[in-house]
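Please look through the sequence and the model below. The report that follows walks through the fold step by step.

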Amino acid sequence: MSSGKVDMRELLGCCVYACERAGEIIRDVERRREQGKLAGTMLKDASDSRSYLTEADTSAQRAILEILRGSFPQISIIAEEEEEEDKLQEAEGRPYQLPPVELGDVPDQLKSVAAEDICVFVDPVDGTKEFVEGRLEAVQTLVGISVNGRPTGGAIGIPFLSGKEEVHVVYGLVGAGLKNVPAPSSDRRDEAGIVLAASPSGKEQAVLDARELLAAGKLITPGGVGNKVRGGGGGEGRTDVCRDDLESRSFPSCEEMRTVR
């Protein structure tokens, strides 16, 4: 990486590794929880049951920030757990020598981007409520990259993908495609019309309006923002459209890039 310039392929490779490391931490926390070796959880907001904070959140975020800051100290990072982010704001991590990701034809403008134009958004455990409740298929790590405020790429780490014992990471760049998308576990040809993913209640007026507008043949309501994008049910790839209310969330979701078939 030249001074002040970032190759998006290298940054994305770093994000993929960060998701892998975070996923390993999340899996380890779950193993220790099963063995009864962990203390309880806490709520960041006592009035909001969705605001759980666990050891998985803080430890996974710490690992991600150390990796990103060590390798790309000039980029901006916004992370979900603000206290942990503040602790590492001035930390100097060691640089990681990671290979760039394998993708299709990457646009030339993404091979040399000014570092000050880049912001990475980190949600170490998307679906913390689901994690606490044991609905592990809804849990993922989200790392999104924006350039000049526009979503440009990102990685989704899936620590509990059905049938796999290791962390699975889906990643992509705008203009260069997606890699590692899990194969659908069901035949979409058996499903009529458009499949819409929405919040677990699925009853908000905006969701009902979207279903009517799209003439969606099926509505699924998986937990976890990233899980909606992936298609729910452990990443079955069933979703055509994802509807989520960003204004109701305290954390900006750059990594929620919608993909429509």
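## Helix 1 and its end

Helix 1 is followed by Gly36, which has a positive phi near 75°. Helices (H or I, at least four residues) and strands (E, at least two) are DSSP runs, numbered from the N terminus. Everything here comes from a predicted model, where local features need pLDDT of at least 70, side-chain atom pairs count only at pLDDT 80 or more, and totals for chains, interfaces and linings use all residues. Residues are numbered from 1 along each chain as its sequence is written, and side-chain values use heavy atoms, with hydrogens and water left out.

How far apart are the end C-alpha atoms of helix 1? They are 39 Å apart, which agrees with the 39 Å that its 27 residues should span at 1.5 Å a residue. The expected span of a helix is 1.5 Å times one less than its number of residues.

Arg27 lies in helix 1, which covers residues 8-34. Is Arg27 buried or exposed? Arg27 counts as buried because its relative accessibility is 14%. Buried means under 20% relative accessible area, exposed over 50%, and partly exposed in between (1.4 Å probe, protein chains only). Beyond its neighbours within four places in sequence, Arg27 is in contact with Pro159, Phe160, Lys164, Glu165 and Val167. Contact means heavy atoms within 4.5 Å.

## The whole chain

The protein chain has six helices and 13 strands. Of its 261 residues, 51% are buried. Its accessible surface comes to about 13,000 Å², and 47% of that belongs to carbon and sulfur atoms. Such areas come from the Shrake-Rupley method with a 1.4 Å probe; for residues, only the protein chains shown count as cover. Take the contacts between residues at least 6 apart in sequence: 62% of them join residues at least 24 apart.

How confident is the predictor? The chain averages a pLDDT of 75, and 58% of the residues score at least 70. pLDDT is the predictor's confidence in each residue, from 0 to 100. Over residues 245-261, pLDDT stays under 50; the model has 44 contacts beyond four places in sequence for them. Where pLDDT is low, the predicted coordinates should not be read in detail.

## The nonpolar cores

In soluble globular proteins, nonpolar side chains tend to be buried together. A nonpolar core is a set of buried Ala, Val, Leu, Ile, Met, Phe, Trp, Tyr and Cys residues joined through side-chain atoms within 4.5 Å. The largest one here has 48 residues. Met8, Leu11, Leu68, Ile75, Ile118 and Val120 have the most contacts inside it. Two or more residues come from each of helix 1, helix 2, strand 4 (76-79), strand 6 (118-126), strand 7 (140-147) and strand 9 (168-173). Helix 1 gives the most to this core, with 12 residues. A second, separate core has five residues, including Leu142, Ile156, Ile158 and Val170.

Which residues does Ile75 touch, leaving aside neighbours within four places in sequence? Ile75 is in contact with Val6, Leu11, Ala115, Ile118 and Val120.

Helix 2 (residues 55-71) is mostly covered, with 14 of its 17 residues buried. From first C-alpha to last, helix 2 reaches 24 Å, close to the 24 Å expected.

Leu136 lies in the loop between helix 4 (128-132) and strand 7. Apart from neighbours within four places in sequence, Leu136 is in contact with Glu30, Arg33, Phe131 and Phe160. The C-alpha atoms of Leu136 and Ser162 are separated by 9.7 Å, though the two are 26 residues apart along the chain.

Most residues other than glycine have a negative phi. Asn148 has a positive phi of about 55° although it is not a glycine. It lies in the loop between strand 7 and strand 8 (150-158). Asn180 also has a positive phi, near 70°. Its place is in the loop between strand 10 (177-179) and strand 11 (195-197).

The table lists the cover of some loop residues and a cysteine.

| Residue | Relative accessible area | Class |
|---|---|---|
| Leu136 | 17% | buried |
| Asn148 | 56% | exposed |
| Asn180 | 38% | partly exposed |
| Cys119 | 13% | buried |

## Cysteines

How many disulfides does the structure hold? It holds zero. A disulfide is a pair of cysteine sulfur atoms within 2.5 Å. Cys15 is in no disulfide, and the nearest cysteine sulfur, that of Cys14, is 6.1 Å away. Cys15 counts as buried, at 0% relative accessibility.
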